[in-house]
Amino acid sequence: MKRLIFSLVTLAAATVAMTADNEDKFPQFTPDMKLRQAEMLVERFYVDPVNGDSLVEQAIKSMLKTLDPHSLYTNAEETRELTEPLQGNFSGIGIQYNMLNDTLYVIQTIAGGPSERVGMLAGDRILAAGDTILSGVNRSRNEVTKFLRGPKGTTVDVTVMRNGVANPIEFSITRDDIPLYSIDASYMIDKENGYIRISRFAEDTDDEFSDALSELKSKGMKNLIIDLQHNGGGYMATAAELAGHFLKNGDIIVYTNSKDSIPNYLRARGNGDFGKGRVVVMVNQYSASASEILSGAIQDYDRGVIVGLRTFGKGLVQRPFTFPDGSMIRLTTSRYYTPSGRSIQKPYNSGDDKDYSTDILNRYRHGELSSSDSIKFDPSLLFHTLNNHRPVYGGGGIMPDRFVPIDTTFYTDYYRDLLAKGIFNKVAMTYVDRNRESLKASYRDIDTFDARFSTSPELMDNIVAEGAKEGVEANPEQLEISRQYISTLIKALIARDLFDTGAYYKVMNPLNPIYREAVEIITTPDTYNALLAPAR
């Protein structure tokens with residue numbers, strides 16, 4: 001014991017001596033040595049027990065915060081959750097589900113997936129997975145997901161209750177790879193104009209987009225609306241692949257630049273398969289990163305019209321560095337630039353810049369989301385498009401060619417409170433659960449449903465009643481203001497549960513002012529051409 005105490009005291013004394021004049025006496029004492037020594041000192045001398053792994057992780061996080069808002073450290077589990085949506089698939093049982101009154105409802109089974117193969121149906125209630133109760137115990141979605149997902153080839157026994165069946169049904173499901181799709185919706189607006197919504201830029205996004213594009217072209221599509229609203233990005237190379245559908249061989253799509261290398265250019269390969277026809281791209285304040293690469297390239301080559309709100313403004317490129325334990329650092333290594341030379345990264349001071357983290361809220365407070373007059377551009381960041389020499393600006397996102405303010409006419413405190421309590425999802429799910437067979441018989445496809453179904457007064461009454469149960473006091477005046485929006489939202493949620501996610505957007509889009517403006521532009525050649533006209 002004495003020897004141990006002596007060693008510790010000696011170590012402490014040596015540390016003090018080293019730090020007193022390390023430049024003259026200890027020139028070999030480097031910053032990385034200091035970091036390791038600091039961790040060792042805390043572990044050995046701190047008054048309470050400490051976790052060494054946690055110390056290191058916190059040190060890494062603190063170090064990255066001094067750099068920029070997008071360099072980050074993730075532990076092994078966080079890394080898996082971060083990368084999984086971009087890898088195109090995961091291993092699980094293949095269902096879409098939701099929680100209603102602490103009950104896990106199957107909304108849909110993935111076509112050809114493990115659950116469909118064993119006979120599970122939409123509307124089934126999953127009571128348990130193995131020995132673990134999933135319904136009636138107030139579990140979070142993350143908890144439920146952990147029990148249902150797992151390595152490919154492993155088996156999970158699932159207990160299910162089904163309407164019309166007295167006793168629980170037992171399914172033994174072998175987990176398999178389940179695809180994650182990037183295309184949320186793809187449909188014809190009319191005989192000549194199509195619509196594709198992209199939710200992320202993942203490994204398989206270009207293949208999905210190519211399939212959707214081919215299908216719409218086979219239906220007569222000549223012009224296309226691309227919806228990138230709320231698309232936070234993904235792989236830069238995938239954005240470049242998508243841009244290649246619209247540009248010419250060799251056109252620069254994006255380039256990156258860093259302190260230690262020459263610019264790296266990503267160019268279009270081959271002549272795009274949609275080189276002609278009008279293109280309109282929908283964006284908003286949450287369209288970021290790869291979404292800005294695609295919309296920036298289309299804008300810079302005057303290949304299409306950008307419609308909506310100024311995009312997020314993320315022009316920093318992160319390179320992943322993975323540790324043996326599965327954790328990862330995503331370190332910013334370069335900036336990307338649009339073909340005209342614009343950096344669209346908005347200003348920041350450091351990784352914990354509060355103004356940066358509250359930028360979207362500040363845009364709202366300053367009126368930018370309601371009026372383009374509130375947006376001020378730095379004259380030194382003026383650029384011009386490459387073909388028609390129209391003025392465009394760098395320094396903070398892609399500014400659309402046609403600004404569309406947000407619509408708040410339907411928004412009331414009553415609507416907000418109902419939404420926060422999950423009332424709309426609850427009412428829609430309950431309605432579908434009770435009427436699934438009759439609804440399927442009456443509406444064989446989304447087009448029939450969209451044309452013939454309307455939200456009944458009884459459903460609206462159910463919303464008010466369910467809200468009251470959850471403490472949302474009825475407000476007839478505010479309900480009337482929000483009625484049309486709520487009615488359409490319920491219809492869209494029912495459509496999603498009956499058909500797919502694309503059905504939701506087909507019903508809901510006409511209430512979106514950015515979508516309405518996009519349709520107006522793409523169906524009016526004179527307006528479209530005027531927005532892209534060469535600068536004079």
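**Pockets, packing and buried residues**

Visitor: Which helices each supply at least two residues of the lining of the second largest pocket?
Guide: This is a predicted model, in which local features need pLDDT of at least 70 and side-chain atom pairs count only at pLDDT 80 or more, while totals for chains, interfaces and linings use all residues. Residues are numbered from 1 along each chain as its sequence is written, and side-chain values use heavy atoms, without hydrogens or water. A pocket is an open set of points on a 1 Å grid over the protein atoms alone, with protein on both sides within 12 Å along at least five of seven lines, and lining residues have an atom within 4 Å of a point; helices (H or I, at least four residues) and strands (E, at least two) are DSSP runs numbered from the N terminus. The helices are helix 13 (413-420), helix 17 (476-498), helix 18 (501-508) and helix 19 (513-522).

Visitor: How much space lies in the second largest pocket?
Guide: A volume is the space filled by probe spheres set on the grid points, which are joined across faces, edges and corners. For the second largest pocket, that space is about 960 Å³.

Visitor: Which residues of its lining lie nearest the centre of the second largest pocket?
Guide: The lining has 29 residues. They divide into 18 nonpolar (Ala, Val, Leu, Ile, Met, Phe, Trp, Tyr, Cys and Pro), four charged (Asp, Glu, Lys and Arg) and seven polar (the others, Gly among them). Nearest the centre lie Gln229, His230, Phe410, Tyr485 and Asn512.

Visitor: At what angle do the axes of helix 13 and helix 17 cross?
Guide: Asp413, Tyr414 and Tyr415 in helix 13 meet Gln478, Leu479, Ser482, Tyr485, Ile486 and Leu489 in helix 17, where contact means heavy atoms within 4.5 Å. Axes are lines fitted to C-alpha atoms, for helices over the stretch in contact, and angles run from 0 to 180 degrees between N-to-C directions. The two helices are oblique to each other: under 35 degrees counts as roughly parallel, over 145 as roughly antiparallel, 65 to 115 as roughly perpendicular and the rest as oblique. Their axes come within 8 Å and cross at roughly 45 degrees.

Visitor: How far apart are the axes of helix 16 and helix 17?
Guide: Helix 16 (residues 457-469) and helix 17 pack at an angle of about 105 degrees. That makes helix 16 roughly perpendicular to helix 17. Leu459, Met460, Ile463 and Val464 of helix 16 make the contact with Leu479, Arg483, Ile486, Ser487, Ile490 and Ile494 of helix 17. The axes are apart by 11 Å.

Visitor: How many residues of helix 10 are buried?
Guide: Buried means under 20% relative accessible area, exposed over 50%, and partly exposed in between (1.4 Å probe, protein chains only). Helix 10 (residues 290-300) packs its buried residues against helix 9 (236-243), strand 13 (252-258), strand 15 (279-283), strand 16 (305-308), strand 18 (328-337) and strand 20 (391-393). Helix 10 is largely enclosed by the rest of the structure, because the number buried is eleven of the eleven.

Visitor: What phi does serine 289 have?
Guide: Serine 289 is in the loop between strand 15 and helix 10. It is buried, with a relative accessible area of 10%. Although not a glycine, serine 289 has a positive phi of about 55 degrees.

Visitor: What is the relative accessibility of asparagine 284?
Guide: Asparagine 284 sits in the loop between strand 15 and helix 10. Leaving aside neighbours within four places in sequence, asparagine 284 contacts Gln229, His230, Leu309, Arg310, Thr311, Phe312 and Ile514. Asparagine 284 counts as buried, because its relative accessibility is 4%.

Visitor: Is histidine 389 buried, exposed or partly exposed?
Guide: Histidine 389 lies in the loop between strand 19 (382-384) and strand 20. It has a positive phi of about 55 degrees although it is not a glycine. At 48% relative accessibility, histidine 389 is partly exposed.

Visitor: What separates the C-alpha atoms of valine 156 and serine 172?
Guide: Valine 156 lies in strand 7 (residues 155-161) and is buried, at 6% relative accessible area. Not counting residues up to four places away in sequence, valine 156 touches residues including Phe171, Ser172 and Ile173. Valine 156 and serine 172 are 16 residues apart along the chain, and their C-alpha atoms are separated by 5.9 Å.

Visitor: Which residues line the largest cavity?
Guide: A cavity is a set of grid points where a 1.4 Å probe fits but cannot get out. The largest cavity has a volume of about 60 Å³. Strand 4 (103-109) and helix 14 (423-442) give two or more residues to its lining. The lining residues are Tyr105, Val106, Ile107, Met429, Asp433, Arg436 and Asp497.
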